[in-house]
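Dear colleague,

Please read them with the model open beside you.

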Amino acid sequence: QVRLVESGGGLVQAGASLTLSCAASGVTFSNLAMGWFRQAPGKEREFVAAIRWNGGSTNYADSVKGRFTISRDNAKNTVYLQMNSLKPEDTAVYYCRVVAGIQPVLGSWGQGTQVTVSS
């Protein structure tokens, strides 16, 4: 059974950077595409970024393109989200999931990690 644990969130000022991590277990991580999603207060959860199993292809939401970078380390069963030039509108709970395209598959939503960006 897939288990994903997100970490690395925090409270930062606008313009700062954060790197989120998502540690996976219970699956053959290196075979799977992974994605990050976020849910802001009062809003629906949305796609942020995805990366193919070998890291050879990435996909980003327009709102984060050029500021966020998704990467992975298959030896550590971990996917990362480097977030630069953070904006208050990036404030949300961030989640990782196994994906097919940009759709979450396998498992369920975990607890996520809170990112709060102050202006």
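W109 has a relative accessibility of 30% and therefore counts as partly exposed (buried is under 20% relative accessible area, exposed over 50% and partly exposed in between, with a 1.4 Å probe and protein chains only). Please note that this is a predicted model, in which local features need pLDDT of at least 70 and side-chain atom pairs count only at pLDDT 80 or more, while totals for chains, interfaces and linings use all residues. Residues are numbered from 1 along each chain as its sequence is written, and side-chain values use heavy atoms, with hydrogens and water left out.

The rings of Y95 and W109 have their centres 5.5 Å apart and their planes at 70°, so this pair is edge-to-face (rings of Phe, Tyr and Trp, the last by its six-membered ring, pair if their centres lie within 6.5 Å, and planes under 30 degrees apart count as stacked, over 60 as edge-to-face and the rest as tilted). Y95, at 9% relative accessibility, counts as buried, and F37, at 4%, is buried as well. Together with F47, the residues F37, Y95 and W109 form one aromatic cluster.

Two arginines also belong in this picture. R45 lies over the face of Y95, 4.6 Å from the ring centre, and the charged end of R97 sits over the ring of W109, 4.6 Å from its centre (this requires NZ of Lys or CZ of Arg within 6 Å of the ring centre and within 35 degrees of the ring normal).

Best regards
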